[in-house]
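I keep this notebook to record what I look up in a structure.

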Amino acid sequence: MDRPNKPSAISPSGTGPQPSVHSEQGRVIASLPTGDSVEVLLYGATVISWKANGRENIWVSNAAKLDGSKPVRGGVPIVFPCFGPPPKNHATSALPQHGFARNSTWVYLGKSSSESGKLASGGDDSVKLDFGLTSSELSEDAKKAWGYDFSLVYSVTLARDGLQTMLNVQNKGEKALEFQMLLHTYFRIDDISKVAINGLGSATYIDKVLNATEHQQSTPSLQITGEVDRVYAAIKQDTTSITQDGKPRLDVTRDGISDSVVWNPWIEKAKSMGDFEPKDGYKKMICVEVGAVDGWTKLEAGETFEGGMIVKSHA
């Protein structure tokens, strides 16, 4: 599948300090000469840290399990091939909520700086990390539950003030497959009462707090004053922005996909989740998640899908 904004190749720079990448204890850590960094667990290929200008942009629960025993509460878990509880009478119906990508161990495929996309202007100010997951690497339970031959490549590109995460899905089998995908990003913010989310005006959303009823966003900005769990479909504007105290904080641009989820558990739901700590952590996080979750994406044999996000951090 061709994408009109497919990342273009860049020429690596041979001068000056270069990005550094190393792996340790089941994680891959990359850093730039600027000090910006990203940390990715092989378990789930979950981004658990992204620092820009010395500031952490990703929220992870103090009680999150980082040992591969369960999906990480926080970070950027990958939802695939189903979003939420899978529907009955569907090919994903035997899978757990949110599928298997976030609780499978991925393979680190290596680093590069020659095709780092929109974020890069030279090989010394960006680095791309690739992670892979194929049907052969799934647990036996997952293979039985979803018996398709597929290949996933998840690319995490770190650049100065920016992070790009792209998921490539290839159907390697002989029969068509259907899937949903979502990058369940937990952003760290200073104070939820001072945050506004912009770029969703006039968009239609499913409100899961209100029994999955359909509504339309009537205001240009969304403030969080209670539990929020909304699925915005087919958003016409590519970028959803998070402001703090009226100032730009993060710009989240969808690339190849048009849906987003906005989530904050607020007081009672945070208390009910055993791995959500501290319990008032909802004041310090907001989920703005990009994906393809409105219906199903169908891939015929041999076809490929690619979608993800580019996030810009404002100091």
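Predicted model: local features only at pLDDT ≥ 70, side-chain atom pairs only at ≥ 80, totals over all residues.

**Entry 1: partly exposed arginine**

I started with arginine 55, which counts as partly exposed because its relative accessibility is 25%.

Residues are numbered from 1 along each chain as its sequence is written, and side-chain values use heavy atoms, with hydrogens and water left out.

**Entry 2: salt bridges**

How many salt bridges does the structure hold? I found twelve. The term means a side-chain nitrogen of Lys or Arg within 4 Å of a carboxyl oxygen of Asp or Glu.

Arginine 55 pairs in this way with aspartate 190, and their closest N and O atoms are 3.1 Å apart. The two come from distant parts of the chain, 135 residues apart: arginine 55 is in strand 5 (residues 55-56), and aspartate 190 is in the loop between strand 12 (186-188) and strand 13 (195-198). Helices (H or I, at least four residues) and strands (E, at least two) are DSSP runs, numbered from the N terminus. Aspartate 190 counts as partly exposed because its relative accessibility is 43%.

I then looked up lysine 128, which forms a salt bridge with aspartate 130 at 3.2 Å between the closest N and O atoms. Are these two residues buried or exposed? Lysine 128 and aspartate 130 are both buried.

Lysine 143 forms a salt bridge with glutamate 140, the closest N and O atoms lying 3.5 Å apart. Both are in helix 1 (residues 140-145), and because they are three residues apart there, about one helical turn separates them. Salt bridges with shared partners also join Lys70, Arg73 and Asp275 into one network.

**Entry 3: binding site**

Where does UniProt place the feature "binding site"? The unreviewed entry puts this feature at Arg73, Gln97 and Arg102. These residues span 30 residues in sequence, but no two of their C-alpha atoms are more than 14.0 Å apart, so they gather at one spot. I note that UniProt positions are given in the numbering used here, that feature names are shortened, and that annotations may be inferred rather than shown by experiment.

Glutamine 97 is in the loop between strand 6 (78-79) and strand 7 (107-112), and arginine 102 is in the loop between strand 6 and strand 7. Glutamine 97 is partly exposed, with a relative accessible area of 41%. Leaving aside neighbours within four places in sequence, glutamine 97 is in contact with Gly84, Pro85, Pro86 and Arg102; contact means heavy atoms within 4.5 Å. Not counting residues up to four places away in sequence, arginine 102 touches residues including Tyr43, Pro71 and Gln97.

Which strands form the open sheet? Nine strands do, in the order 7-8-9-10-22-19-18-13-16, with antiparallel pairing. Strand 7 and strand 16 (221-223) are the edge strands, and each pairs on one side only. Two strands pair if DSSP finds at least two bridges between them.

Strand 8 (residues 126-134) and strand 9 (residues 150-159) pair in the antiparallel sense over nine bridges. The bridge partner of glycine 132 is valine 153 in strand 9.

Technical notes: Buried < 20%, exposed > 50% of the residue type's maximum accessible area, 1.4 Å probe, protein only.
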